[in-house]
Amino acid sequence: MSLDASDPVLTVSGLTLSYDIPAGELKALRDVNLSIGKGEIVGLVGESGSGKSTLMQAILGLLPGAAQIRSGSIRFEGQDLTGLSARQMRGLLGDRISVVFQDPMTALNPVLTIGRQMIDIQHRSKLSRREKRARAIEMLARVRIPDPESRIDRYPHEFSGGMRQRVAIAMALMAKPALLVADEPTTALDATLEIATIDLLRELQSEIGCAVLFITHHLGVVAELCDRIDIMYAGEIVESGATGAVFQDPRHPYTQLLFGCDPAQIAEPMRHLPSIGGNLPDLTAPLPGCIFASRCPRADETCTTGHPADHKAGQSDLVRCHYPLAPRLEISA
Ligand code: ATP
Ligand code: MG
């Protein structure tokens with residue numbers, strides 16, 4: 001299949017996935033649609049349990065045995081990843097697709113030196129061992145590891161947490177992938193290190209030109225880093241669009257309330273931080289209506305009985321709500 005330069009790198013269409021658990025079928029993803037263009041940085045935001053990591057694992061072919069893809073497709077550079085064997089998927093990982101996890105030790109082997117791991121990861125390259133080592137040192141310098149010529153022969157435990165995450169980012173980008181998937185890579189870092197890591201990621205990404213799927217629950221990071229934002233709630237993408245547009249004019253009630261809860265957006269000091277009342281719905285129960293209906297101040301009978309379609313509304317490309325043009329909701333503390 002031939003690819004057009006304007007074709008997205010990754011297109012997830014109608015992805016529906018369940019976990020088989022003792023209580024029944026946990027519907028973790030329902031009709032998820034997401035697209036990432038070449039060189040684009042897309043932020044995927046949602047509260048804990050909304051399905052962000054499940055979606056990431058589905059893209060990377062790393063789903064646990066209890067997960068069953070019921071329908072939909074995940075196309076990467078024109079190829080449907082849901083039909084690939086484990087061996088074919090391994091061929092893509094670390095080459096065309098790379099990943100950075102929240103805990104850098106997921107990527108690093110504690111009993112091997114950083115240098116050995118950075119050389120091993122270049123196993124597809126035709127460079128000599130000496131050249132691979134030189135490239136690894138160069139990459140360590142790029143991610144601002146001090147004294148990389150001697151640090152390269154140290155073990156992961158001899159690095160700080162922030163340094164380990166920078167090494168993991170360096171390793172993920174060494175193969176110059178077309179897509180980098182990052183699942184909360186800065187959540188374990190303090191605020192200063194988080195900003196430095198984001199700046200570094202953006203710098204390397206613009207050099208390499210790879211697309212990035214950046215998973216986080218930190219809205220400030222999305223505003224800072226991402227071209228587009230996808231808002232996930234209880235297994236569904238409820239709103240998607242250009243970052244500036246969605247921040248300025250959110251159309252889904254969940255997005256509106258979520259932005260209202262962001263401490264960075266609150267101008268006046270207050271005793272209690274605002275929050276959205278209620279909890280995520282039980283994903284093992286039947287879900288006939290809108291997934292947000294039980295917590296939505298605007299919900300009526302239409303919302304509790306019928307599943308909303310995806311609409312284009314305001315400047316957002318996708319709003320999964322029966323009333324995407326209704327006035328903006330404000331949250332109270
Ligand atoms: P967090 O922000 O806490 O990382 P998340 O958005 O990444 O959350 P997921 O880990 O994808 O959320 O979980 C989505 C839903 O799927 C949750 O209800 C969770 O309990 C369930 N789930 C996740 N992994 C499994 C599993 N291996 N077996 C059964 N259920 C699972
Ligand atoms: Mg997660």
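1. The shell of residues around ligand 1 is made up of five nonpolar, seven polar and three charged residues, where Ala, Val, Leu, Ile, Met, Phe, Trp, Tyr, Cys and Pro count as nonpolar, Asp, Glu, Lys and Arg as charged, and the others, Gly among them, as polar.

2. This is a predicted model, in which local features need pLDDT of at least 70 and side-chain atom pairs count only at pLDDT 80 or more, while totals for chains, interfaces and linings use all residues. Residues are numbered from 1 along each chain as its sequence is written, chains are lettered from A and ligands numbered from 1 in the order in which they are written, and side-chain values use heavy atoms, with hydrogens and water left out.

3. Of the 15 residues around ligand 1, those that come nearest are S48, G49, K52, S53 and T54; a residue counts as near if one of its heavy atoms lies within 4 Å of the molecule. The side chain of K52 has an N or O atom 2.8 Å from an oxygen atom of ligand 1, a polar side-chain atom of S53 lies 2.9 Å from a ligand oxygen atom, and for T54 the distance from a side-chain N or O atom to an oxygen atom of ligand 1 is 2.5 Å. Taken alone, ligand 1 exposes 640 Å², of which the protein buries 66%, the areas coming from the Shrake-Rupley method with a 1.4 Å probe.

4. Strand 1, strand 2 and helix 1 are the elements that give two or more residues to this shell, and the largest share, three residues, comes from helix 1. Helices (H or I, at least four residues) and strands (E, at least two) are DSSP runs, numbered from the N terminus.

5. Four strands form an open antiparallel sheet in the order 2-1-4-5, where two strands pair if DSSP finds at least two bridges between them. Its edge strands, strand 2 (24-36) and strand 5 (79-80), each pair on one side only. Helix 1 (residues 52-60) packs on this sheet and touches strand 1, strand 2 and strand 4 (67-76), contact meaning heavy atoms within 4.5 Å. A hairpin joins strand 1 to strand 2 through two residues, and strand 1 (residues 10-21) pairs with strand 2 in the antiparallel sense over nine bridges, with K27 in strand 2 as the bridge partner of S18.

6. A further open sheet, of eight strands, has the order 6-7-8-3-9-10-12-11 with mixed pairing. Strand 6 (97-100) and strand 11 (310-313) stand at its edges with a single partner strand each, so one side of each is left without a neighbour in the sheet. Strand 11 pairs with strand 12 (residues 316-320) in the antiparallel sense over three bridges, and the bridge partner of D310 in strand 12 is R320.

How values were computed:
Axes fitted to C-alpha atoms, helices over the stretch in contact; angles between N-to-C directions. Polar contact = N/O pair within 3.5 Å; in protein donor to acceptor, adjacent residues only side chain to side chain.
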